[in-house]
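Student: Please take me through one part of this structure in detail. I would like a close look at where the two chains meet.

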2 protein chains.
Amino acid sequence: MIEEMLRHNAQFIQEDGARRFATSKYPDKGIAIVTCMDTRLVELLPAALGIRGGDVKMIKNAGGTITNPFDSTMRSLLVAVYELGVTEIMVIAHTDCGVQGMNPHHMLDAMRSRGVDDEHISLMKHCGIDLEAWLHGFDDTELAVRETVDLIRNHPLMAADVTVGGYIINTDTGALTPICRASSAR
Amino acid sequence: MIEEMLRHNAQFIQEDGARRFATSKYPDKGIAIVTCMDTRLVELLPAALGIRGGDVKMIKNAGGTITNPFDSTMRSLLVAVYELGVTEIMVIAHTDCGVQGMNPHHMLDAMRSRGVDDEHISLMKHCGIDLEAWLHGFDDTELAVRETVDLIRNHPLMAADVTVGGYIINTDTGALTPICRASSAR
């Protein structure tokens, strides 16, 4: 499949396809969006919110939430705010998310059945890595959004004038439901 | 700006705009892409690779690389592989990236000038949080891609049959340059 993409890319370059997307690295709308890696959102979310290339910084992980205040998602938001002019942040989880109800034991079993050595898993635990916590999903999407918005608003390195709002997008209709209305950090 | 997006969304729903994006949560192409949150890539990258909604899991952070084997980006890849049928992974950094040459001292100064208390920064250091390492960018994009591909291929929880390749996309032309040819984990 990667080869197919590389062939598409060669054709795209030959046709000078990039010309219509010319823009800068600064987000025209001053917005950063934290959302899910979900396949359905790749086209639906930009269409449902009227986002074009150049408009926003788009940060994506499994679930579209932040569980660790010092991971790459939070780091990305700080870069967006302090280096790239972002003044508003949207956290957008979605309906029917794979991370909702994700079970670490089920995933560890899947790893073992694909050849990951059980001894290695034990070794990691004895190195202090809590795989069960790390691989645990969220049970309540609305609560997960609230917690992420709180984490961003109260992060000790976040500028107090940045506006943060939390939403859930319906993957069938594209409708955005506000969970936490956009307001500034502190 | 968020309000403008919410107005667009209301219009989108009224016009039943989501109908043409109907698909499932499973990626049709079996690919997960780790790439940058950059504004330019929002439209350019899918167009340059021929990606439509439903095709891939799209994971995005500042820089499009992974520096920590237990952060949310790596977790997202494991979810993609073990829960969602992903068999190929592409790491796609890009030219003119804001994270290349990012200076933690410059960013900490920006934080102070926006009202983050210097005492809080000191306190965090004394809690063992190495902000300078966390906020440091990469100096060499190609090397950063190679390191990320290595990290994924050799991650103790990654299935050995997953193919991983590393690339740099040119933000002016959309051209993808292979850095590490796609090959399986171990």
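**The interface of chain A and chain B**

Tutor: Start at the axis. Two copies of a chain are related by a rotation about an axis and a shift along it.

A word on the model. It is predicted: local features need pLDDT of at least 70, side-chain atom pairs count only at pLDDT 80 or more, and totals for chains, interfaces and linings use all residues. Residues are numbered from 1 along each chain as its sequence is written, chains are lettered from A and ligands numbered from 1 in the order in which they are written, and side-chain values use heavy atoms, with hydrogens and water left out.

Now the contact itself. 91 residues of chain A are in contact with 91 residues of chain B (heavy atoms within 4.5 Å). The copies meet through the same surface, because 100% of the interface residues of chain A are also interface residues in chain B.

Next, the area. About 8400 Å² is buried between chain A and chain B, and carbon and sulfur atoms give 66% of that. Buried area is the accessible area (1.4 Å probe) that two parts lose on being put together, summed over both. In chain A, the residues that lose the most area to chain B are M5(A), R75(A) and W134(A), together 10% of what that side buries.

Then the polar side. The interface of chain A and chain B has 45 residue pairs in polar contact, both residues at pLDDT 80 or more. A polar contact is a pair of N or O atoms within 3.5 Å; within protein, one must be able to donate a hydrogen and the other to accept it, and residues adjacent in sequence count only if both atoms are side-chain atoms. Eight salt bridges are counted between chain A and chain B (a side-chain nitrogen of Lys or Arg within 4 Å of a carboxyl oxygen of Asp or Glu). One of them joins R114(A) to D161(B), with the closest N and O atoms 3.2 Å apart.

Which helix gives the most to the side of chain A that touches chain B? Helix α3 of chain A (residues 72-84) does, with 12 residues. By class, that side of chain A has 54 nonpolar, 19 polar and 18 charged residues. Ala, Val, Leu, Ile, Met, Phe, Trp, Tyr, Cys and Pro count as nonpolar, Asp, Glu, Lys and Arg as charged, and the others, Gly among them, as polar.

Last, the chain behind this surface. Chain A has seven helices and five strands (DSSP runs, H or I of at least four residues for helices and E of at least two for strands, numbered from the N terminus).
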